[in-house]
Amino acid sequence: MPSNERAPYILGYGSASINWMDVRNAEDHAQFFLPYLTPGMKLLDCGCGPGSISVGLAEFVAPETMVAMDIELSQVDLTRKRANQRRVKNLVCQQGSVLAIPFEDESFDAVFVSAVLGNLAHPDQALDEIHRVLKPDGVIGIREFDHGGNLIHPTSPIIQKSVKIYDAIRDANKYKANFGRTLKRAMNQAEFQ
């Protein structure tokens with residue numbers, strides 16, 4: 001699949017996936033990033049999902065605008081709904097791809113990415129785009145998985161079959177299941193400092 005086309009998201013957007021993503025929040029899943037955020041920073045969350053992390057991040061940079069972006073419109077709508085429920089006024093929700101971020105060069109003081117790069121066939125292209133929209137003195141926070149260290153216990157035939165199907169889908173789409181362990185090299189290649 002060419003790098004500019006949309007590949008399927010393995011976990012999908014069903015209620016089980018959304019419920020699983022909904023329990024995440026900025027305090028738990030972006031704790032490493034929070035000390036680098038200050039009020040007045042313009043922040044981009046690439047691949048915001050249902051917005052459970054985004055709304056918390058927005059509170060750290062208020063009153064400046066935070067943009068929560070996802071390729072899937074249903075996720076953008078869920079994020080917008082969550083922001084309205086929590087009365088977070090500085091969060092702007094937008095559909096867009098991390099492979100072609102729809103913003104000018106050097107638009108953001110900070111960029112956050114959680115569990116997105118390993119779901120891409122071309123994470124290097126995404127890092128180039130993030131580097132492009134981040135200001136030279138900006139900060140990036142990346143939280144990425146590495147399936148090479150997964151341990152499942154206890155296991156069962158249905159779990160084993162599910163893992164095989166999951167791995168087969170990842171392989172067919174050329175996703176980087178172990179991208180977490182290559183993140184430093186990839187960021188160096190994208191010229192992050």
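# A tour of the predicted model

Begin by selecting Pro63, which you will find in the loop between helix H3 (54-61) and strand S2 (66-70). This is a predicted model, and in it the peptide bond that joins Ala62 and Pro63 is cis, with omega at about 15°.

Next, select Pro154, in the loop between S5 and helix H6 (157-172). Here too there is a cis peptide bond, which joins His153 and Pro154 and has an omega of about -5°.

Now zoom out to the whole protein chain, where you can trace seven helices and five strands, arranged along the sequence in the pattern α-α-β-α-β-α-β-β-α-β-α-α. Of the 193 residues in the chain, 44% are buried. If you consider the contacts between residues at least 6 apart in sequence, 75% of them join residues at least 24 apart. The chain exposes about 10,500 Å², and carbon and sulfur atoms supply 53% of that area.

The phi of Arg87 is near 60°, a positive value in a residue other than glycine. Is Arg87 buried or exposed? Its relative accessibility is 66%, so Arg87 counts as exposed, the cut-off for that word being over 50%.

Move on to Glu106, in the loop between S3 and S4, which also has a positive phi, of about 55°, although it is not a glycine. Glu106 has a relative accessibility of 45% and therefore counts as partly exposed, since that term covers values between the buried limit of under 20% and the exposed limit of over 50%.

Then select Asn119, which lies in the loop between strand S4 (108-114) and helix H5 (123-133). Asn119 is buried, because its relative accessible area is 15% and buried means under 20%.

For the last stop, go to the second largest pocket, which holds about 290 Å³ of space. Among the 13 residues that line this pocket, select Leu134, Pro136, Gly138, Phe192 and Gln193, which are the closest to its centre. Which elements each supply at least two residues of the lining? They are strand S5 (134-143) and helix H7 (183-189), and S5 gives the most, with six residues. If you colour the lining by class, you will see six nonpolar, four polar and three charged residues.

How values were computed
Residues are numbered from 1 along each chain as its sequence is written. This is a predicted model: local features need pLDDT of at least 70, side-chain atom pairs count only at pLDDT 80 or more; totals for chains, interfaces and linings use all residues. Side-chain values use heavy atoms; hydrogens and water are left out. Helices (H or I, at least four residues) and strands (E, at least two) are DSSP runs, numbered from the N terminus. Buried means under 20% relative accessible area, exposed over 50%, partly exposed in between (1.4 Å probe, protein chains only). Contact means heavy atoms within 4.5 Å. Accessible areas come from the Shrake-Rupley method with a 1.4 Å probe; for residues, only the protein chains shown count as cover. On a 1 Å grid over the protein atoms alone, a cavity is a set of points where a 1.4 Å probe fits but cannot get out, and a pocket is an open set with protein on both sides within 12 Å along at least five of seven lines; lining residues have an atom within 4 Å of a point. Grid points are joined across faces, edges and corners, and a volume is the space filled by probe spheres set on the points. Ala, Val, Leu, Ile, Met, Phe, Trp, Tyr, Cys and Pro count as nonpolar, Asp, Glu, Lys and Arg as charged, and the others, Gly among them, as polar.
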